[in-house]
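Hi,

Here is the structure I promised to pass on. Have a look at it first, and then read my notes below.

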Amino acid sequence: MYYKEVDKRYREVMAAFLKKHYRYHTMNSWNKSNSYANNIKLYNIDKPADIDSNKCWEMIGVAQWQEKLSSLLEDFGKKHNWLWQAGINGRSGGYVVLYRGGIKPSGYKSYCIHCGQKNYQAVVDGEVGICGRCDARARVNFKQTHMQVFTLPGKEVDMHWDFDGWTLSDLRERVELVQDFDMLSDDLVAAYFDICRNYRITEEEILVPKTIKVLEPIV
Ligand SMILES: [Zn+2]
């Protein structure tokens with residue numbers, strides 16, 4: 001639906017593909033910064049005949065779909081070393097947008113193997129690290145520098161289409177990135193249809209622990 005073949009031998013064909021590609025704001029309209037995007041509007045997309053539209057609309061709010069969506073977006077980021085990331089934007093989350101980003105050291109030096117709590121202090125050689133949260137004597141140093149992902153939501157991507165100074169291989173790389181992004185958009189829609197087809201929503205009651213105030217006699 002979104003993915004298109006592009007003849008990557010020709011500069012004009014590649015530039016035309018990039019220029020014609022659908023775009024959307026990276027933040028909001030007043031920010032005036034935009035990037036490659038796809039309008040996937042899951043709530044009113046044309047659905048295959050075997051899918052019940054009313055039922056499908058409700059699926060968007062179900063936590064399991066949100067998790068599936070996040071994991072597909074995360075896979076895309078990982079594949080591009082987080083330099084490029086895909087995110088959801090717009091009212092009702094109708095648009096997938098291509099973002100710039102990266103990874104940097106998080107500053108965390110150690111973590112608790114018992115509860116997972118991270119700590120900015122390193123455990124000194126020969127000493128036992130104690131967890132600040134659960135008190136377990138299980139805080140150990142990260143073996144590799146702990147990294148964190150960041151996104152640059154205000155940064156535009158190719159807003160002015162100034163491809164003239166680009167080499168052919170630069171252009172190819174950008175086209176391949178956008179094609180990969182389009183493929184992700186196809187995957188998102190396919191995953192959504194798959195859930196609509198194979199699941200139904202039921203309600204489940206859960207018990208939530210709650211703290212209340214009680215009177216206790218003074219003895
Ligand atoms: Zn702990």
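α3 passes α4 in a right-handed crossing. Before you go further, keep in mind that this is a predicted model. The axes of α3 and α4 come within 11 Å of each other and cross at roughly 160 degrees. An angle over 145 degrees counts as roughly antiparallel, so that is the word for how α3 and α4 run relative to each other.

Which residues make the contact between α3 and α4? On the α3 side, look for W65, K68, L69, L72, L73, F76 and K79. On the α4 side, you'll find L177, D180, F181, L184, D187, L188, A191, Y192 and I195. Sorted by class, the contact of α3 with α4 has 12 nonpolar residues, no polar ones and 4 charged ones.

Now turn to α1, which packs against α4 too, at an angle of about 40 degrees and with the axes 10 Å apart. With that angle, α1 is oblique to α4. The crossing of α1 past α4 is left-handed. From α1, the contact takes in R11, M14, F17 and L18. α4 meets them with L168, L171, R172, R174, V175, V178, Q179 and D182. The classes in the contact of α1 with α4 come to 7 nonpolar, 1 polar and 4 charged residues.

**What sits inside**

In soluble globular proteins, nonpolar side chains tend to end up buried together. Here the largest nonpolar core has 39 residues, and L18, V96, L184, L188 and Y192 are the ones with the most contacts inside it. Two or more residues of this core come from each of α1 (11-20), α2 (53-59), α3 (63-79), β3 (84-89), β4 (95-105) and α4 (168-198). Which element gives the most to this core? That would be α4, with 13 residues.

Leaving aside its neighbours within four places in sequence, L184 is in contact with L72, L73, F76, A86 and V96. Apart from this core lies another one, of 5 residues, including Y24, Y95, V97 and Y99.

Most residues other than glycine have a negative phi. D158 is not a glycine, yet its phi is positive, at about 50 degrees. W161 is another non-glycine residue with a positive phi, near 50 degrees. You'll find D158 in the loop between β8 (147-152) and α4, and W161 is found in the loop between β8 and α4 as well.

Are these two buried or partly exposed? D158 has a relative accessible area of 7%, so it is buried. W161 has a relative accessibility of 37%, so it counts as partly exposed.

**One last residue**

Finally, find S35 in strand β2 (residues 34-39). S35 has a relative accessible area of 0%, so it is buried. Its contacts, leaving aside neighbours within four places in sequence, are Y22, R23, Y24, T26, V97, L98 and V157.

Technical notes:
Residues are numbered from 1 along each chain as its sequence is written. This is a predicted model: local features need pLDDT of at least 70, side-chain atom pairs count only at pLDDT 80 or more; totals for chains, interfaces and linings use all residues. Side-chain values use heavy atoms; hydrogens and water are left out. A nonpolar core is a set of buried Ala, Val, Leu, Ile, Met, Phe, Trp, Tyr and Cys residues joined through side-chain atoms within 4.5 Å. Buried means under 20% relative accessible area, exposed over 50%, partly exposed in between (1.4 Å probe, protein chains only). Helices (H or I, at least four residues) and strands (E, at least two) are DSSP runs, numbered from the N terminus. Contact means heavy atoms within 4.5 Å. Axes are lines fitted to C-alpha atoms, for helices over the stretch in contact, and angles run from 0 to 180 degrees between N-to-C directions. Angles under 35 degrees count as roughly parallel, over 145 as roughly antiparallel, 65 to 115 as roughly perpendicular and the rest as oblique. A crossing is left-handed if the near helix is turned anticlockwise from the far one by less than a right angle, and right-handed if clockwise. Ala, Val, Leu, Ile, Met, Phe, Trp, Tyr, Cys and Pro count as nonpolar, Asp, Glu, Lys and Arg as charged, and the others, Gly among them, as polar.
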